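Please look over the sequence and the structure shown here before reading on. The report that follows takes up a few individual residues and then the wider arrangement around them.

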Amino acid sequence: MSISARLVAASTLLSALAFPATAQTLPQTLPSKEQLANDNKLFVFWANKALKWEEPTEPVGIIGPIYFVGTKGLGVFLFATSEGHILMNTGMPSSGPMILDSIRKLGFSPKDIKVMINAHAHIDHAGAFAFMKKLTGAQVAIMQDDVAAMESGDRDDFKYRDDLAYEGVKVDRVLRDGDTVQLGEVLLTAYHTPGHTRGATTWIANLAVDGKAYVVAFPDGAGFNPGYRIAKDPSYPGIAEDYRKTHYRLEMIKPDIWLAQHNEYYDFEGKRKRAETEGVRAWADAEGYRRFVAGKKRAFEDQVDDELGAPSRSR
Ligand SMILES: [Zn+2]
């Protein structure tokens with residue numbers, strides 16, 4: 001198998017490796033799918049490098065109160081309101097100072113962050129929660145089934161055990177499916193969409209901007225990484241049912257705009273470029289969201305087929 005084909009097979013998370021521009025810059029000693037599945041530290045090393053998780057990038061306003069303050073690869077979002085701010089995700093442990101820079105560049109103060117929320121308790125989204133909480137004193141609100149992982153710094157992960165641990169953070173508010181987080185003009189609803197982690201959370205923002213209503217979705221939970229087991233010898237009991245429930249949940253959402261925890265999922269760079277001339281319209285992508293969810297569902301069923309030794313349906 002070619003290098004890029006091997007990595008595409010390895011994970012949807014690593015899909016950006018298949019882009020020629022990225023592949024050229026990588027050495028020839030790329031790990032195999034099996035190596036990525038079996039060696040947690042190797043996996044995160046390659047994902048980090050290939051998807052530029054720790055490289056800074058410019059912040060940008062998306063729509064109304066929503067701002068991107070993440071890295072080249074990772075989605076971190078600020079919801080700026082008249083009563084203070086909500087921060088969604090924190091990237092890697094090294095991302096804290098980058099997020100602070102981005103918030104200040106936008107003219108906001110990190111000290112005004114009142115609430116911190118998360119997509120799921122892995123190191124690439126939860127890595128700098130402790131750092132940001134120390135600085136802001138913000139309330140940390142987390143979906144029930146990810147609370148233990150956030151507090152321990154993911155030291156008992158069903159796949160990664162303590163290989164991808166980070167500094168844990170105390171959770172102040174435990175969320176359940178359908179709970180809301182409200183601050184000023186921003187209302188966010190948390191949906192429990194487990195699978196990728198037990199407490200993975202999809203967030204929906206309902207906004208009114210310039211007299212128009214918008215549903216903005218931040219889908220999560222449907223991705224699986226190399227080495228996750230679903231059908232045979234499952235990574236945790238009930239994981240297949242969790243994923244299927246999550247697919248159903250994500251299909252029910254009809255967003256005007258969708259953003260994601262990994263920038264390549266929704267062509268952040270392309271949309272950002274187009275937004276320079278088109279404004280908010282560049283971010284509107286209801287069809288892209290449907291394709292994304294359908295793709296995740298198909299990849300999941302292919303994985304099930306692979307594990308059961310059946311010929312896959314979509315490949
Ligand atoms: Zn993850």
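## A residue in a helix

In which helix is Ser102 found? Ser102 is found in helix H5, where helices (H or I, at least four residues) and strands (E, at least two) are DSSP runs, numbered from the N terminus. The model is a predicted one, in which local features need pLDDT of at least 70 and side-chain atom pairs count only at pLDDT 80 or more, while totals for chains, interfaces and linings use all residues. Residues are numbered from 1 along each chain as its sequence is written.

Ser102 counts as buried because 24 other C-beta atoms lie within 10 Å; a residue is buried if 20 or more other C-beta atoms lie within 10 Å of its own, exposed if 12 or fewer, and partly exposed in between, with C-beta atoms placed from the backbone. Ser102 touches Pro59 and Val69, not counting residues up to four places away in sequence, a contact being two residues whose C-beta atoms, placed from the backbone, lie within 7 Å. The C-alpha atom of Ser102 is also separated by 8.7 Å from that of Val60, and these two residues are 42 residues apart along the chain.

## Overall composition and confidence

The protein has 11 helices and 12 strands, and 46% of its 315 residues are buried. Of the contacts with a separation of 6 or more, 64% are between residues 24 or more positions apart.

The mean pLDDT of the protein is 90, and 90% of its residues reach 70 or more, pLDDT being the predictor's confidence in each residue, from 0 to 100. Over residues 1-27, however, pLDDT stays under 50, and the model has 41 contacts beyond four places in sequence for this stretch. Where pLDDT is low, the predicted coordinates should not be read in detail.

## The five-stranded sheet

Five strands form an open sheet in the order E8-E9-E10-E11-E12, with mixed pairing; two strands pair if DSSP finds at least two bridges between them. Strand E8 (180-183) and strand E12 (257-258) stand at the edges with a single partner strand each, so one side of each is left without a neighbour in the sheet. Strands of a sheet pair through backbone hydrogen bonds, either parallel or antiparallel.

Strand E9 (residues 186-192) and strand E10 (residues 201-209) run antiparallel and are joined by six bridges, with Leu188 having Ala205 as its bridge partner in E10. E10 also pairs in the antiparallel sense with strand E11 (residues 212-218), over seven bridges, and here the bridge partner of Leu207 in E11 is Tyr214. Two residues lie between the strands in the hairpin of E10 and E11, where Asp210 takes a positive phi near 50 degrees.

E11 and E12, by contrast, run parallel and are joined by two bridges, and Ala217 has Trp258 as its bridge partner in E12. The chain crosses from E11 to E12 through helix H9 (residues 239-252), and this β-α-β crossover is right-handed, a term for a path from the first strand over the helix to the second that runs clockwise when the strands point away from the viewer.

## The nonpolar core

The largest nonpolar core has 81 residues, and those with the most contacts inside it are Phe77, Ile86, Met116, Phe129 and Leu259. Such a core is a set of buried Ala, Val, Leu, Ile, Met, Phe, Trp, Tyr and Cys residues joined through C-beta atoms within 7 Å. Helix H4 (residues 40-50) gives the largest share of this core, five residues. Leaving aside its neighbours within four places in sequence, Met116 is in contact with Leu87, Phe129, Met132, Lys133, Ala138 and Val140.

## Two loop residues with positive phi

Asn89 is not a glycine, although it has a positive phi of about 70 degrees, and its place is in the loop between strand E4 (84-88) and helix H5 (96-105). Is Asn89 buried or exposed? Asn89 is buried, because 27 other C-beta atoms lie within 10 Å.

Asp233, also a residue other than glycine, has a positive phi near 55 degrees and is found in the loop between E11 and H9. Asp233 is exposed, with 7 other C-beta atoms within 10 Å.

## The end of helix H11

Leu308 is found in helix H11 (residues 286-308) and counts as exposed, because it has 10 C-beta neighbours inside 10 Å. Leaving aside neighbours within four places in sequence, Leu308 is in contact with Ala231 and Lys232. Between Leu308 and Ala231 the distance is 7.1 Å, C-alpha to C-alpha, although they are 77 residues apart in sequence.
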